[in-house]
Amino acid sequence: PGFPHDGFTHETALNYSVGFRGPNGRDLISSFADYALENDLGGEHYSDPDLTCREHPGRVEAYELDRLRDMMLSMINQPEDFRQWFGSFVTTPRHELDIAAAEPPYTAQEVRDALKGGETLSRLSGLRALNVGGSFFINSERLETVDPRAADALCRFTELGQRELGDALDNPAFVEELTGLVNQGYWYFDE
């Protein structure tokens, strides 16, 4: 538990994975709270300008709890903030990745020529790459991309070549993005 399974068989076999568990509510709320603190969300203070002295000062009224709950939920109900948190949360590795940066680093032209020449890139085992509502996240970081279709291919395929990336290889800005990911060790050319 808590570690990825990357098994290989030496002959034809049928494998089952049992016991996969998603995050629990406590982990989700804790992670979102950390995100809110890191990004300075929810800076408004609770206020009740209509509050007056009351006969029972030690009682919290139901409408006050409702206002407080609504204030907290309004942070979660911001679609862009929620998407950004979720993308980072689910692509954060749960174990240490075996990242080996490219040495020497590739140039964009070398990456383009290799892919156009029929070579393929493989995604680093355990690397999480997801498309979350049109926003792309790789290893907990949001990828600001010039080519959403090609970025979606990064999330969809574990092996990429000219067929998967298509005309994005003719876009120098995307090839620069891809080269940065290759040089970080997230994708690599099979030797």
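This is a predicted model: local features need pLDDT of at least 70, side-chain atom pairs count only at pLDDT 80 or more; totals for chains, interfaces and linings use all residues.
I take buried to mean under 20% relative accessible area, exposed over 50%, and partly exposed in between, with a 1.4 Å probe and protein chains only. Residues are numbered from 1 along each chain as its sequence is written, and side-chain values use heavy atoms, with hydrogens and water left out.

**Entry 1: cysteines.** I looked up Cys-53 and found it exposed, because its relative accessible area is 82%. Cys-155 counts as buried, because its relative accessibility is 15%. I then searched the whole structure for disulfides (pairs of cysteine sulfur atoms within 2.5 Å) and found zero.

**Entry 2: nonpolar cores.** I define a nonpolar core as a set of buried Ala, Val, Leu, Ile, Met, Phe, Trp, Tyr and Cys residues joined through side-chain atoms within 4.5 Å. The largest has 27 residues, and those touching the most other members are Leu-115, Leu-121, Ile-138, Leu-154, Leu-165, Leu-178 and Trp-187. Two or more residues each come from helix 4 (108-116), strand 3 (135-138), helix 5 (148-156), helix 7 (172-184) and strand 6 (187-189). Helices (H or I, at least four residues) and strands (E, at least two) are DSSP runs numbered from the N terminus. Helix 5 gives the most to this core, five residues.

I listed the contacts (heavy atoms within 4.5 Å) of Ile-138, leaving out residues up to four places away in sequence: Leu-127, Arg-128, Ala-129, Leu-143, Leu-154, Leu-181, Tyr-186 and Trp-187.

**Entry 3: second largest pocket.** I use pocket for an open set of points, on a 1 Å grid over the protein atoms alone, where a 1.4 Å probe fits, with protein on both sides within 12 Å along at least five of seven lines; lining residues have an atom within 4 Å of a point. The second largest pocket holds about 270 Å³ of space. Its lining comprises 14 residues, of which Ile-29, Phe-32, Ala-33, Met-75 and Ile-76 are the closest to the centre. Helix 1 (25-38), helix 2 (62-76) and helix 3 (79-91) each give two or more residues to this lining, and helix 1 supplies the largest share, six.

**Entry 4: Met-72.** I located Met-72 in helix 2, where it counts as exposed because its relative accessibility is 54%. Met-72 and Tyr-46 lie 26 residues apart in sequence and 9.9 Å apart in space, C-alpha to C-alpha.

Definitions and conventions. Grid points are joined across faces, edges and corners, and a volume is the space filled by probe spheres set on the points.
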